[in-house]
Amino acid sequence: MKVLDFETQVSSSKSTRILAVMIASLLLVLLMPLYAVNVVIAVLCFCAPIKKRSWMDISGCRVELYQWSKGIFADSAALFNVIKGDIEFVGNPLVRDNVSIPKVDNFRSPCSKSGLFDYLQLHSLTGLKAEDPQALLNKQVQQSVLADLVMVFKILICRLLYSGKTLDHTSRPVFGLSFSNCQMEEAVSWVLDSTASQTCRTAFFINANSINLAAENSALRSALKSSNRNFIDGSGMRLAVRKVGVQLADNCNGTDMLPQLCERMEASGKSVFLLGAKPGVAEKAAQSLRQTYPNLRIVGSHHGYFDDDEAVIAQINQSKADIVLVALGSPRQEIWVDSNKHKLEASCALAVGGLFDFFSGDVPRAPLWLRELGLEWVWRLIQQPKAKFHRYVIGNPIFLFRVYILNQALRGL
């Protein structure tokens, strides 16, 4: 049986190799007119048309790939390396500027060879933190050739939308608002750092809707400006910060942050209070979280339909919660947190939007393939067309126009 399995693996590997060579050859033929231009430009600049660039993959293996010296699609010269067998189409991730490298000692990749494309690259382009790197690469090794091709297509789309060569990782204001550009692990550490301040720190998740609302609501804009941290959430904002020359590390949205936050709170013994959503939803979310994280200390919950702020604040303070998750909807939640932060005795308060709806099970999360493309908003529109029509169908074009104006202003036009 083991011999048969081995022979099957070898046969599959040969078939994959033949297919890779065929695809690479076809692409080279299609790109030949562009390559001719690249060669002419290189000759006119008195330099060799093709050069080699050294890379390191996350397993520490070195690989040298061809690159066009001049012209467009410079990295596509690596197709010659695919034909030679130096590298696979899909394989071990290369250490790229826009890829979040796992901070794990002695990281072991299941991939046998370096690749031009990989799941870690895809998730880094959109800032997605759905799975840990080891799980992503294990899934990649086990998937079919068709799944490989789909993944490559998604990476090319995301490179076009969310990547660029002149970007850096520093934080610069966008639409007049400062934001924290960090990996999810850093964001969670900041939230849990109770020694950072004696007062309740505040953090908001800025998305395209936040920018649209802040343009018309001065109280919301003031709250966003005075918060301790603003995390970037969504593909729209990823496009916007790209215009100011910044490559985002991770898409630090509340829905992906909560699982990591809960795991860390379980280990540290810190507690959380859930405030917001419709009556009963916060309690359902609490029950669901307790089932997944049995050692998590959820010390209280309250729905978002209240008029007496003081009574709610007293309940939160009596619970001795370390973290308060506020899901009142924007702009109410940001304004409420900003107005009452000096009364809260918790170490940190986060405005989390529709987070409780997801974790209570009332609203299903978008499929992973949509989130990988940065299109979770499409799913939310399908799920709640009436409630989300103005936010997405009307709001998204308005936001893109704001991004266009921002780009024109940066260009001095």
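These legends go with a set of close-up views of a predicted model.

View 1. Helix H10 covers residues 254–268. With 15 residues at 1.5 Å each, H10 should span 21 Å, and its end C-alpha atoms sit 20 Å apart, so the two values agree. At the start of the helix, look for Asn 253: one of its side-chain oxygens comes to within 3.2 Å of the backbone nitrogen of Thr 255. Just after the helix, Gly 269 has a positive phi of about 80°. The buried residues of H10 include Gly 254, Met 257, Leu 261 and Met 265.

View 2. Asp 256 and Arg 365 make a salt bridge, with 3.2 Å between the closest N and O atoms. Asp 256 belongs to helix H10 while Arg 365 is in the loop between helix H14 and helix H15, so this pair ties together parts 109 residues apart in sequence. Asp 256 has 7% relative accessibility, so it counts as buried; Arg 365, at 22%, counts as partly exposed. Arg 365 also meets the side chain of Glu 376 in a salt bridge, at 2.5 Å from N to O. Glu 376 comes out as buried, at 19% relative accessibility, and the cut-off for buried is under 20%.

View 3. Arg 62 is exposed, with a relative accessible area of 60%, and Glu 64 is partly exposed at 34%. The structure holds 9 salt bridges.

View 4. The structure has 9 aromatic pairs. In the pair shown, the ring centres of Trp 190 and Phe 231 are 6.3 Å apart and the planes meet at 75°, so it is edge-to-face. Trp 190 is in helix H6 and Phe 231 in strand E6, 41 residues apart, so the pair links distant parts of the chain. Both Trp 190 and Phe 231 are buried.

**View 5. Trp 377 and Tyr 392.** These rings have centres 5.8 Å apart and planes at 40°, so the pair is tilted. Trp 377 lies in helix H16 and Tyr 392 in helix H17, so the pair ties together parts 15 residues apart in sequence. Trp 377 is partly exposed at 30% relative accessibility, whereas Tyr 392 is buried at 8%.

**View 6. Cys 200 and Cys 348.** The two sulfurs are 6.3 Å apart, too far for a bond, and the cut-off for a disulfide is 2.5 Å. For Cys 348, the closest cysteine sulfur is the one in Cys 200. Both residues count as buried: Cys 200 at 5% relative accessibility, Cys 348 at 0%. The structure holds 0 disulfides.

**View 7. Asn 181 and Ala 249.** Asn 181 sits in the loop between helix H5 and H6. A polar atom of the Asn 181 side chain lies 2.9 Å from the backbone nitrogen of Ala 249. Asn 181 is buried, with a relative accessible area of 14%.

Technical notes. Residues numbered from 1 in each chain as written. Predicted model: local features only at pLDDT ≥ 70, side-chain atom pairs only at ≥ 80, totals over all residues. Heavy atoms only, no water. Helix = DSSP H or I, 4+ residues; strand = E, 2+ residues; numbered from the N terminus. Expected span 1.5 Å × (residues − 1). Buried < 20%, exposed > 50% of the residue type's maximum accessible area, 1.4 Å probe, protein only. Polar contact = N/O pair within 3.5 Å; in protein donor to acceptor, adjacent residues only side chain to side chain. Phe/Tyr/Trp six-rings, centres within 6.5 Å; stacked < 30°, edge-to-face > 60°. Salt bridge = Lys/Arg side-chain N within 4 Å of Asp/Glu carboxyl O.
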